[in-house]
Amino acid sequence: SERGKVHAGTGLWLNIASGATVSPPGFVAVDLTPREPTGVGANAVHSLPFNDNAADAIYCAHFLEHLFRDEALGVLADLRSILAPGGTLRVVVPDMRLLFRAYAANDTALFASRAKQMLERGLVLGGPISGSLQARDHLRTALIYAGAGEGLFRPGTGYDDHKLGFDADVLRRLIEEAGFVDVRETTYGES
């Protein structure tokens with residue numbers, strides 16, 4: 001049934017699970033509690049209020065890693081039905097390959113940068129610990145991003161754990177399993 005679905009015209013661009021970030025220009029924020037007045041309130045894991053082929057572009061950043069595999073696959077399948085033929089899906093997730101290479105190379109700069117980003121967003125690793133400890137605990141940080149071990153904790157709001165870890169191959173296979181074709185890895189700003 002189409003009842004209760006948002007009927008969108010040509011040119012709809014969606015930012016799925018937009019969170020606290022501001023959507024890119026031209027995108028409609030979709031989140032449980034969208035922070036933008038023009039946003040759409042929806043739980044992407046359960047159902048999105050858009051008709052088939054409604055969107056020309058979908059942006060989904062730093063969301064899938066917070067889901068279990070079957071949930072992520074369900075969300076991607078839903079996005080596939082919402083995306084119009086010839087449309088573009090852009091998915092951004094933490095790159096486990098990058099993090100584990102950095103760990104093996106003892107790349108302190110990358111991990112210090114990650115720790116700083118987490119502190120700026122009010123996140124701490126496994127509970128309230130100091131930024132200097134976060135910056136030094138590289139293996140723990142990499143495992144948390146991969147969905148293993150103690151998770152990210154946002155004080156006062158509950159757990160915000162990563163449940164999945166991705167590299168380009170794992171993400172590509174999941175996206176293809178959801179029915180997408182012509183899946184390719186791009187760098188920031190490429191698509």
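Modeller: A salt bridge is taken here as a side-chain nitrogen of Lys or Arg within 4 Å of a carboxyl oxygen of Asp or Glu. The model is predicted, and it holds five salt bridges.

One of them joins the side chains of Arg97 and Asp169, with an N to O distance of 3.2 Å. This pair connects distant parts of the chain: Arg97 belongs to helix α2, whereas Asp169 belongs to helix α6 (residues 168–177), and 72 residues separate the two. Buried means under 20% relative accessible area and exposed means over 50%, with partly exposed in between. Arg97 has a relative accessibility of 31% and therefore counts as partly exposed. Asp169, at 30%, is likewise partly exposed.

Asp169 also meets the side chain of Arg172 in a salt bridge, at 2.9 Å from N to O. Here both residues lie in helix α6, three residues apart, which is about one turn of the helix. Arg172 has a relative accessibility of 26%, so this residue too is partly exposed.

A further salt bridge is formed by the side chains of Arg184 and Asp182, again with 2.9 Å from N to O. Both partners are exposed: Arg184 has a relative accessibility of 58%, and Asp182 has a relative accessible area of 61%. Salt bridges with shared partners join Arg97, Asp167, Asp169 and Arg172 into one network.

Helices α2 (96–104) and α5 (138–145) are the elements that give two or more residues to the patch. Leu143 is found in α5 and is partly exposed, with a relative accessible area of 32%.

Ala115 counts as buried because its relative accessibility is 3%. Ala115 and His138 are 23 residues apart in sequence, and their C-alpha atoms are 9.5 Å apart in space.

As to the sheet, five strands form an open arrangement with parallel pairing, in the order β3-β2-β1-β4-β5. Strands β3 (40–41) and β5 (83–92) stand at the edges, each with a single partner strand, so one side of each has no neighbour in the sheet. Helix α1 (residues 69–82) lies across β1, β4 and β5, and runs at about 145° to β5.

Key. Residues numbered from 1 in each chain as written. Predicted model: local features only at pLDDT ≥ 70, side-chain atom pairs only at ≥ 80, totals over all residues. Heavy atoms only, no water. Pairing = 2+ DSSP bridges. Helix = DSSP H or I, 4+ residues; strand = E, 2+ residues; numbered from the N terminus. Contact = heavy atoms within 4.5 Å. Axes fitted to C-alpha atoms, helices over the stretch in contact; angles between N-to-C directions. Buried < 20%, exposed > 50% of the residue type's maximum accessible area, 1.4 Å probe, protein only.
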